[in-house]
Amino acid sequence: MEDTGTVVAFWIFAAITVGAAIGVAAVRNLIHSVALLIVTFAGLAGLYITLSADFIAVVQVLIYIGAIAILIIFAIVLTPRAGRHNQESFMLLPALALAALVAGTMIFVAFDTNWGAQRSEGFEGTATAIGDLLLDRYALPFEIASVLLLSAIVGAILLVRPEGPEEEAE
Amino acid sequence: MDSIELEHFLVVGALLFAVGLYMALAKKNFVGVLIGIELMFNAANLTFISFSRFVESAEPLSGHVFVVFVITVAAAEAAVALALAVLLYRLRDTIDVDRMDLLKW
Amino acid sequence: MPILLRGEWYDLRDLANPVRELIDGLGLVSEVDYVLWSLIASLAILTWLVLSVLAFIWIERRVVARMQNRKGPNRVGPAGLLQPVADALKLLLKEAITTRGADRLLFWLGPVIIFIPTIVVFAVVPFGESMVLADLNVGVLFMIAVAGIMTPAVFLAGWSSNNKYAMLAAMRTIAMLISYEIIQVLALLAAVIFIGSMNLQTIVSWQDEYNTWLIFIMPLALVAYLVAGAVEINRSPMDISEAESELAAGYHTEYGGIKFGFFYQAEYLAGFAIAASATTLFFGGWTLWGLEEWIPGWLIFLGKLYAVFFVYIWSRGTLPRLRIDQLMTFAWKFMLPLMILNVLLVAAEVVIWEETGASRNVALPAIGAVNAALAAVLVIGWARFLGHGSGRGRGYSATLTREVGKIYYTGAEAS
């Protein structure tokens, strides 16, 4: 990808994504952390667009910002007397070391490996092709995923249901 | 700097994954751990999409399909994790993972 | 003949022509060209939006006043025409107050974030044949996704105010937005299945080619989309999130001055966005059965858009507010099953049409008639099944409302 627009877009979105992600880990206030998480998701959607993955980019905004961020917010709001502080436990230093190690290894592998033949062109429009794949070759995983979603819904409802026999609200 | 290759995206993905891993391991708050896990999912997604875009293969869009499944599972996971957080809060009045030490010696 | 005009710079039926002529005349490198092009287009859209909002503040106040047998604003300027300008000036000059204990950064960001989704939607809306800023392949999904950004924005605004009414209203709004987003998605899904494309320009040209509008083919989807849209823009009868009698003013209670102005304007812009997408998807967009050869397409589009938006003004002037439990019940128990059935029905019709290979002159009227009849039967039948309209008198509180009250308000009843 060499045209100026894509290069500029990549650097902007990469900076937003990584910067916001580090902010998510660094800020002390949990709500600020979630707000920065939303920025990270948005930056990732931008990166997907530079990768010509239009469908995934839009789905990223729809699911991650519109649904998962909201779920996390609900998790915060529904635990009112719990801490709003985003602090670290005693595992701070080991976790930092491990994270640095993992990042270093992955970056080393990324540059060291020969990834083989490169595609030069992006995709034209991916939505139709993804739909075909989902209902044709990946039909079984698709069905399993829907069963998983259903069981997750039922499980979540069962977990947070109040204990005891249901009283008749009047 | 003047050309964007696969490695650039892989580095972004690696950094995201590292931040997510750090949060999942080190954060005290259950929600912080949850956020870390979501970040790791996203890093994996980015890597999938960039391989799908850059590496020549017979069926290049399989990576996209896999990301769709990852997003689905992430949504299900977030819903269940929210339920767990609320349940933990009801039982223990806190969602600090440090305090979940009933099974610890 | 208007055909001779096609593509010339003075061909104002498509405003892209003079702009293209201008930019080509400058002879710039392609990158600058591209930036300039999008800049001009976005500025044009923004200008139109601001002017429309100013106009519609006046129109709405006058129209609602007429419906309620009042006069409405009539002091500033002729017939009160300058009232919106006076309002805007007043908001600009007011002191910007921040609540004590408010989260300053997020409090300041709230009105800004809520502005983004309402404007960005217009990037994919086709105003004319080539008057579309970004002709996305996934345009319909883009509109839904961008509208979804409103949800966290509302929460951040309500939470950062450090006010319990704002917080309550924010949670109500989020609950409503999430519930009705599903209905919105299912309504649009039916349209997308039928046409077979998520590109808005393709959807418009499909309706042009087949000489029909989707409203005639799937009226139920349109109604559901407009109802869900009313929720998204907090319009009566779905304006529970800013019910002034119970929640002060909603999630923007603590915002004053121009910050409140931002929320106010964002609501109008979201209304225009809903109207624009409804126009594009269900009313044929910028086409009018060949008349777009003679009248500029963007004028047709704006006319339809304002007509759809007028429905919202109308409903605001006439319908009373619903309770929050009624609203949620309506989404989950009434709308959701109907919309799922609608999607199934439309998918089946598409397959049957393909299998039989019927000509469009037979198939489209048949599908439209079947859909309209089934929509009526389903709406009435499902309402009966849920306990409405069983002839037990006007004051009868529907069974479904009380049941949902049980689920949503364990322990404490809503009203």
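The C-alpha centres of domain 1 and domain 2 of chain A lie 23 Å apart, the domain assignment, which is automatic or taken from a database, placing domain 1 at 1–88 and domain 2 at 124–161. The model is predicted, with local features requiring pLDDT of at least 70 and side-chain atom pairs counting only at pLDDT 80 or more, whereas totals for chains, interfaces and linings use all residues. Residues are numbered from 1 along each chain as its sequence is written, and chains are lettered from A in the order in which they are written.

Chain C contains 16 helices and zero strands, these being DSSP runs numbered from the N terminus (helices, H or I, at least four residues; strands, E, at least two). Of its 415 residues, 42% count as buried, a residue being buried if 20 or more other C-beta atoms, placed from the backbone, lie within 10 Å of its own.

Contact is formed between 26 residues of chain C and 21 residues of chain A, two residues being in contact if their C-beta atoms, placed from the backbone, lie within 7 Å. On the side of chain C that touches chain A, helix 5 (139–148), helix 6 (150–160), helix 7 (164–195) and helix 16 (399–408) each supply at least two residues, and helix 5 gives the most, with six.

In the largest nonpolar core, a set of 190 residues, A:Ala69 and A:Ile72 touch the most other members; such a core joins buried Ala, Val, Leu, Ile, Met, Phe, Trp, Tyr and Cys residues through C-beta atoms within 7 Å. Helix 3 of chain A (residues 54–77) contributes the largest share of this core, 19 residues.

Conventions:
A residue is buried if 20 or more other C-beta atoms lie within 10 Å of its own, exposed if 12 or fewer, and partly exposed in between; C-beta atoms are placed from the backbone.
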